[in-house]
Amino acid sequence: MAISRPLGSVTTQANLIAEGEFDLENLDIKSKDEIGELARTFSTMVTALKEKVDTINRIAEGDLSLQIKKASDRDKLGESLMSMKKSLNELLYQVNTAMDQVSSGADQVSQASQSLSQGTTEQASSLEEISSSTNQINRQSSQNAENASQANALAKQAVENVGKGDIHHGRRDG
């Protein structure tokens with residue numbers, strides 16, 4: 001019965017780990033035989049798994065500054081965590097680069113909009129000047145037409161006066 005209780009504790013914890021539970025207490029088995037060695041090795045494994053879970057949680061919270069150490073050259077989980085951290089750092093670098101490009105593009109669009117707005121303002125000002133010049137030309141043309149009409153009337157009057165003068169002059173000669 002002394003053997004079954006420590007094995008039962010190891011089995012219980014192994015089942016909890018299989019279900020995803022890592023918040024476990026170290027087994028308190030003091031025996032110096034194989035069962036005691038199994039319990040200590042199992043506790044070491046649980047501690048290592050807790051550290052890996054803590055690392056995963058820190059990465060999930062966005063902490064990519066942490067140092068990940070492999071427990072040994074055969075530590076596939078540690079290797080995967082290191083690879084995941086590296087991939088996430090590369091992804092964040094790409095996202096930051098894309099954000100910089102979007103920001104730069106937005107600045108360029110803003111500058112182009114300002115240039116377009118300034119060009120539109122300048123065109124409106126030019127159109128206003130053209131409109132003013134056109135109005136002035138129209139007024140001057142109207143004035144020229146009126147002056148021409150007056151000159152025509154004066155010329156007619158002069159022709160009439162000359163005709164009257166010839167008649168007057170002709171009567172004296174006749």
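Q: Which residues does phenylalanine 22 touch, not counting residues up to four places away in sequence?
A: Contact means heavy atoms within 4.5 Å. On that basis phenylalanine 22 touches Ile17, Leu49, Lys50 and Val53, once residues up to four places away in sequence are set aside. The model is predicted, so local features need pLDDT of at least 70 and side-chain atom pairs count only at pLDDT 80 or more, whereas totals for chains, interfaces and linings use all residues. Residues are numbered from 1 along each chain as its sequence is written, and side-chain values use heavy atoms, with hydrogens and water left out.

Q: Where does phenylalanine 22 lie?
A: Helices are DSSP runs of H or I with at least four residues, strands are runs of E with at least two, and both are numbered from the N terminus. Phenylalanine 22 is placed in the loop between α1 and α2. From its C-alpha atom to that of serine 80, which is 58 residues away along the chain, the separation is 19 Å.

Q: Is phenylalanine 22 exposed or only partly exposed?
A: Buried means under 20% relative accessible area, exposed means over 50%, and partly exposed is in between (1.4 Å probe, protein chains only). With a relative accessible area of 23%, phenylalanine 22 is partly exposed.

Q: What does glutamine 13 touch, and is glutamine 13 buried or exposed?
A: Glutamine 13 is in helix α1 and counts as buried, at 9% relative accessibility. Beyond residues up to four places away in sequence, glutamine 13 touches Leu24, Glu25, Leu27, Phe42 and Val46. Leucine 27 has a contact list of its own: apart from neighbours within four places in sequence, leucine 27 is in contact with Ser9, Val10, Gln13, Ala39, Phe42 and Ser43.

Q: Which residues form the largest nonpolar core?
A: In soluble globular proteins, nonpolar side chains tend to be buried together. A nonpolar core is a set of buried Ala, Val, Leu, Ile, Met, Phe, Trp, Tyr and Cys residues joined through side-chain atoms within 4.5 Å. The largest one here has eight residues, namely Val10, Ile17, Leu24, Leu27, Ile29, Ala39, Phe42 and Val46. At least two residues of this core come from each of α1 (4-18) and α2. Helix α2 supplies the largest share, three residues. Another core, of five residues, lies apart from it and includes Ile59, Leu64, Leu66 and Leu81.

Q: How many salt bridges are there?
A: Side chains of opposite charge can pair when their charged atoms come close. The rule for a salt bridge is a side-chain nitrogen of Lys or Arg within 4 Å of a carboxyl oxygen of Asp or Glu. By this rule there are four salt bridges. One of them joins arginine 40 to glutamate 37, with the closest N and O atoms 3.6 Å apart. These two residues are three apart in helix α2 (residues 34-60), so about one helical turn separates them. Arginine 40 is partly exposed at a relative accessible area of 36%, and glutamate 37 is partly exposed at 45%.

Q: Which side chain meets that of lysine 52 in a salt bridge?
A: The partner is aspartate 75, at 2.7 Å from N to O. This pair links distant parts of the chain, 23 residues apart: lysine 52 is in helix α2, and aspartate 75 is in the loop between α2 and α3 (76-173). Aspartate 75 counts as buried at 10% relative accessibility, and lysine 52 is buried with a relative accessible area of 12%. The surroundings of lysine 52 can be listed as well: leaving out residues up to four places away in sequence, lysine 52 touches Lys69, Ala71, Asp75, Leu77, Gly78 and Leu81.

Q: With which residue does lysine 70 form a salt bridge?
A: Glutamate 79 is the partner of lysine 70, and their closest N and O atoms are 3.4 Å apart. Lysine 70 is partly exposed, with 32% relative accessible area, and glutamate 79 counts as partly exposed at 37%.

Q: How far apart in space are glycine 165 and alanine 18?
A: Separation in sequence and separation in space can be read side by side. Glycine 165 and alanine 18 are 147 residues apart in sequence, and their C-alpha atoms are 135 Å apart in space. Glycine 165 is found in helix α3 and counts as partly exposed, at 33% relative accessibility. Leucine 91 is also found in helix α3, and at 45% relative accessibility leucine 91 counts as partly exposed.
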